Each structure stands twice: as C-alpha cells, then as structure tokens.
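Here is a friendly briefing to read alongside the model. Have the sequence and the 3D view open as you go.

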Amino acid sequence: MEETSREAVATAVQRVAGMLQRSDQLDKVEQYRRREARKKASVEARLKAAIQSQLDGVRTGLTQLHTALLDVKDIQSSLANVSKDWRQSINTIENLKDVKDAVVQHSQLAAAVENLKNIFSVPEIVLETQQLTEQGELLQAHRKLMELECSRDDLMYEQYRMDSKNTSDMNLIFIYFEDVQRLSDELAKQLWMVLQRSMVTVRRDPTMLVSVVRIIEREEKLDRRMVDRKKQTGFIPPGRPKHWKDKMFQVLEGTVSTRIESTQAVTREADKMWLVRLLEITRKYVLDDLIVVKNLMVQCFPPHYNTFNRFFSLYHNAVSTRVKELALEDLEANEIVSLLTWVLNTYKSVEMMGHPDLCSEFDINQLEPLLPQEVVDDLLSKYVKTFTSNITGWLRKALETDKKDWLKETEPEADQDGFYQTTLPAIVFQMFEQNLQVAAQIDGDFKEQVLKLCLKQMNSFLMRYREEVVAYKEEHLRDRQLPQCYIQYMIAIVNNCQTFKESINSLKRKYSQSVDPFDSDAAIERTLGEVVKEGCQFLLDEVFLDLESHLNELLTRKWLAGSHAVDTICVTVEDYFNDFNKVKKPFNQDMTNEALRRVMVEYLKAVMQKRITFKNADERKEGAERMIKEAEQFKFLFKKLAAGEDTDRLCGSITAIAEVFKLTDPTLLFLEVTTLVSKYPDIREDHIQALLAVRGDASREMRQMIIGTLSENKVSYSGTTQPIFKDITVPTITTTMTSMTSMATAKLLK
C-alpha cells in the first residue's frame, strides 16, 4: 500500500508540474482543483458500483449452491427408496414367468391367424400383381409384391425361430410362395427396361422414372433391414439382399455405353468422312443427353445420388472406351488428325463438355484424359510416318508435273510484277500450309514438329529439284532448238527459288514460336543458292554459246580488217537481257555483273592468246583505237543494262591495254606497262609477255628489262577489288599451235 501511495503521489506531482509550467497558469489553480475533484468522484463511484456488482454475484452463487445441496439430498433419499422397492419385487417378477410365456404364445397365435388370411389370399395377390406389372402400374405391383414377400418372410422367420433345423417346413413355405420370386424378377425386368429408355422416358413420362427410383429405394431399405436382422438372428429371407440400386447403376452404365457405340452410322468403305460423322454424332448425343440429365433427370433421383456428376462420369468413360477402340483401328492420316483434334480440343471445348449449360455443374479439369499419353504419342508417330510418306509422294508428283511444263511451247505465267514463274511453289506450299493448319489444331508442339518435318522434306525436294534443273540443261544442250521456251522456263526456275525462300520464311513466322533457327535452315539456304547460281550460269552459258564464234573473231586479222563481232556481241547480249528482265532482283543484277565480267575476260583472253601480232605502228594504232572504241561500246551497253560500279574498271582494262599497243615510242613502253600494272595488280608476267608479243616491236632485251624491272618492283595485290586477269591463262607454244591447227581445219571444212 505504501508503494502504491508513493507511485500515486509521484504521478500526481508530475501532472501538477505539467499543469503549472507557466506563471499565468497559477490563476487557474482553483479550476484545476475542481476538475480533478470531479474526476476523483467519478472514479470512486465506478469502483463502488463494480464492488457492489461483484458482491451481488457472490450472494446469488451461494444461494444456488445451497439449493443444489438440498436437491442432492432429496435425490439420494429417492434412490434409496427405489433400491428398497426393487429388492422387494424380485420374487414377484419370478412368479409372473408363466404369464409372460402366455403373452408370447398369444402374440404368436395372433400372428398365425393374421398370416392365415394372407396365406389363403396368395394366389389371388399373385395374379393381381402379375396384371399390374403387365399394365405398367409398377408402384401398385410393387406394393402387392411387398405384401407377398412380407407374408412369406414372416412365416419363414417364425419357423426359423421355432425350429431352425427343420428344412422340410422351410422348403414347403418356399415352394408355396415360389411365384413371389418370379414376380420379383419380372418386375425387375420392367424396371431395367424403363431405365434403359430413361432418356426417352424422362422426356415423355418422368413420373414413370420417378416410380422406378422409388421402388428401388424401397428395396434398398428392405435390404438394409434384412441384413441388420440377420446380424441379430442369423435369418435372412431368400433373394435378399436384392442389390437393385447397384443393378440400376449397371443398367444405366450399359445404356450410356450402348448409346455411344450406336453412333457409327457408316463405314470407311461407304463414306471417307465416316470418322468425322461419327465424332460429330457422338458430340451431339453426349451434349444433348447431358443437358437432359441436368434439366430433367436430376429431378427424378434423390439428391444424394449426385445424379449429374454420375452421368457425366458415365458418358466420359463410355466416350473414352469408344475412342480407345477407334485408336486401335488402322486409321489413315486424316482420320488420325480428326480423332486427335476431337479428343484434345473439341471434347473439352464449349461445343461439348465445356458447354455453358454443363460447366456450371462439373469442373471439366477434373476429367481424366480420353486417351492415355502413350496412345496419343503412338497416333502422332503414326501420323508423322504416314505424312512423311505422303509428302514425299506429293512433292515427287508436283516436280514431275512441273517438269512437263518446262517442255511446253508456250511461255510460263508471270506474276503481278511481270516475273516468270511456275505453279510449283504454290502447289508445294499449299500442301505444307494445309498440313500445318491440321497440325495446329492438335497441339502447338506437334505443329512445330510437323513444320520441322516439312522443312526437312523441303531440303530433300530442293536437292532433287537441282538435279532435275541440271538434267534439263543437259537435255537442252543436245538440241538447242528444244525446248522452245528453255530460256523462259530457266528464268522461272530461278524466280521459283526466291518464291521458295519467301514462302519458307512466311511459314516459319506463321507456325513457329521459336526464335532459334531450324536444323535444316542452312542446308535449304545453301541448296537454294546453288540452284539460283547454276540457273543464272545456265542462262549466261546460253548467251555465250551464241557469242562463241564472234568472240573467236576478236583480235584476229579479220577483226583488224573491220569485223562487226563486237557489234553483234552487244546486240546479242542486249537481246538476251531483255528476256532476263523477267528475272527477279537481286538475281538479274548479279547476272548483269557476271555477263560484263565474262565478256571482259573473253576479250582479254583473245588478247592473251596472241591471235594477231601487229606488223607496224599503223596496225598498232588502228588496233588500239578499235579496242578503245569497243571498250566504250561495252561500257555503254552494260551501263544501259544497269551493271554495277565495277563497269568502268573492267571496261577500262581494254582501254589500258590499248594504250600499251598505241604507244609509238618504244622507250616509253616500260612506263605504260607500269601504269597498266598499277591499275590491275593481278596481271602476271606471262600476261605482259603476251601483250608485248602482240605489239610486235619489243625486242627480246626490252622484254627482259621490262619483266625484270617489274619483278623487282612488284606491286602487291590488296584484294579490295575483284581480280580480272587472275583466271586468264596464256597459252604455251604447243597450245597455240594446236589451236591454230584446229581453226585452220575448221575453215577448210567450212
């Protein structure tokens, strides 16, 4: 108490100190004193009220305890009196045993009298029950049947109690009531028939289905009662338990299975779309039936049957069984796709089990898969194998059809931009597109797998395509007059490669989610590049076959005398490139550059082959001026054809050589040759010797001096520009003689 008082005083001191921190607060001391007095009076009043409440509670509790003690004493006294009376009545109870036996016997006799009435009326009730069953009055028939069974069971039970070992009397009763079991079986058949037609019955006469369920529920209660009595007495009537409820579910399961199995209306032989029709009929039947179950049948069964979920599972299991049977059949590729699309997509969609009217009652995510994953994998593997075989055949057939088009006498079709093309790319990628659309319906991963397979087949197809293009060119070379549209179809082949590439990229963008390149991408790119390169080469070869005789005239005496070989070359090249305008970019540009290079190389070869040796300065001047003029012709032509930036440099090589020939002062020849070498560092010593030999006035000592000096001050080739002299060979004396002999022989033959 003292410590509490000290704490209270300390707290009060702190509060007062807080109130009187400023001098002007001293005027309010009286006000503070009255406020604290009111607070103190309020606290004391609350404490008094709380203590009074506690005291009242204690007083009430003591009163109740006192009352309970008095009640316990009264009960104890009453129990003592009951115990005393019970001991006194034991002898009286033993004296009443004879009365008890008489009562039991009286009850048995009363039951026997009552059963006699039922026994004599058994034939009549049996006949009545038979008629009610045949008339479809199932509830009335069952009530009569229950009366018969009750009479039989009571008689047999009484006999069992009196003498359980007397089987002859038991058999006598059973034989007398033998029609009861037959009536029970016939009624059961009627019940099962109604259940088998439950989908129709629930629409036309739902009360019939309700009656069946009520009968089965009654029998279930009787089964439970008889089983419980057997546990107590050891007796159970014949035919019990009937288990009609279990039988009902078996019948419903069989009905659902039969419903699903009956959906196949046609076979593959009668209709190629048999599986699609079967699956659609199944979908419609299942959806319609489950909606009927939800809206009508659920009301005919007790809630604890969980009717909708039970039927949902029955239909799911029946469909699963049927689908597994279909998966074991020898399905074609399109049938495998139809089945898997239906199983993996349609089944759980809003068109079937995920329908808005059904999903509110059942979570479709709880359903087991219709097909095990290993079966799905087997079907996919089978489809891939069949698809691979089919696509190979389709591609081969498409290529054969395209090859026939190559031999036509009419030009190929042109696209909207005027470029030649054939129908091959469209046919090929239409096949790929159709199969990828089908694969996309099944599964995203499977779509990627089919895309990879298509690209792999595409690579093999392009390799065959390349072989056929080469064979097409070789066949043409045997007779250049055939086929008539060789140039146009070779252009179309080159353009097809560009279309192939664009279509492949389009397929990958549309059907692949992967950003990584496919395994076959590099091979496809390489093969397409080779086909384009060879196709362009074949087209240029066609040009240069026509130019061959004119190129052979270059830098000859005939050329010096005024040949029109270069004019013819330019006209021929321009004419061909009017057709080559139908080649897509960038291939046409590459062909123009390659044609320019090949013309320049052939011209320089003509120089290096030393077909002419100038005899004097006039010939050198005339030849050089002719070369400069022809270089300008080539430059004009190829700029007109939109050749690349290298045109001036390549055509300038002819002009540079012409300057070497045109030089009149032999002492300056070294400087001119040095200028030529600085412009074209890839020129070799044998090229210089060939040029000097064609010039005709360079002495042996001068040639050796020029070659030696150039060797000492050799200009290194940086490789920044494409070399032109690198692949030009200078013929030896033997080669030159052989060539001259061949040319002479050819002239004599002409």
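**A tour of helices, core and domains**

Asn-588 sits in helix H22, which covers residues 587-608; helices (H or I, at least four residues) and strands (E, at least two) are DSSP runs, numbered from the N terminus. This is a predicted model, in which local features need pLDDT of at least 70 and side-chain atom pairs count only at pLDDT 80 or more, while totals for chains, interfaces and linings use all residues. Residues are numbered from 1 along each chain as its sequence is written, and side-chain values use heavy atoms, leaving out hydrogens and water.

- Asn-588 counts as buried because its relative accessibility is 17%, where buried means under 20% relative accessible area, exposed over 50% and partly exposed in between (1.4 Å probe, protein chains only).
- Not counting residues up to four places away in sequence, Asn-588 touches Phe-580 and Val-583; contact means heavy atoms within 4.5 Å.
- Asn-496 belongs to helix H18, and its relative accessible area of 0% makes Asn-496 buried.
- Beyond its neighbours within four places in sequence, Asn-496 is in contact with Asp-402, Gln-421, Thr-422, Pro-425 and Tyr-465.

**The nonpolar core**

- The largest nonpolar core has 201 residues, and Phe-580 and Phe-634 have the most contacts inside it; such a core is a set of buried Ala, Val, Leu, Ile, Met, Phe, Trp, Tyr and Cys residues joined through side-chain atoms within 4.5 Å.
- Helix H18 (residues 486-511) gives the most to this core, with 13 residues.
- Setting aside residues up to four places away in sequence, the residues that Phe-634 touches include Val-566, Ile-569, Tyr-603 and Ile-654.

- The 28 residues of H9 should span 40 Å at 1.5 Å a residue, and its end C-alpha atoms are 41 Å apart, which agrees; the expected span is 1.5 Å times one less than the number of residues.
- Gly-234 follows H9 and has a positive phi, near 85°.
- H10 (residues 244-261) has 18 residues and reaches 25 Å from its first C-alpha to its last, close to the expected 26 Å.
- Among the buried residues of H10 are Trp-244, Phe-249 and Ile-260, and what covers the buried residues of H10 includes helices H7, H8, H9, H11 and H12.

**Domains**

- The protein is divided into domain 1 (31-242), domain 2 (247-371), domain 3 (377-530) and domain 4 (554-712), with bounds from an automatic or database domain assignment.
- The C-alpha centres of domain 1 and domain 3 are 83 Å apart.
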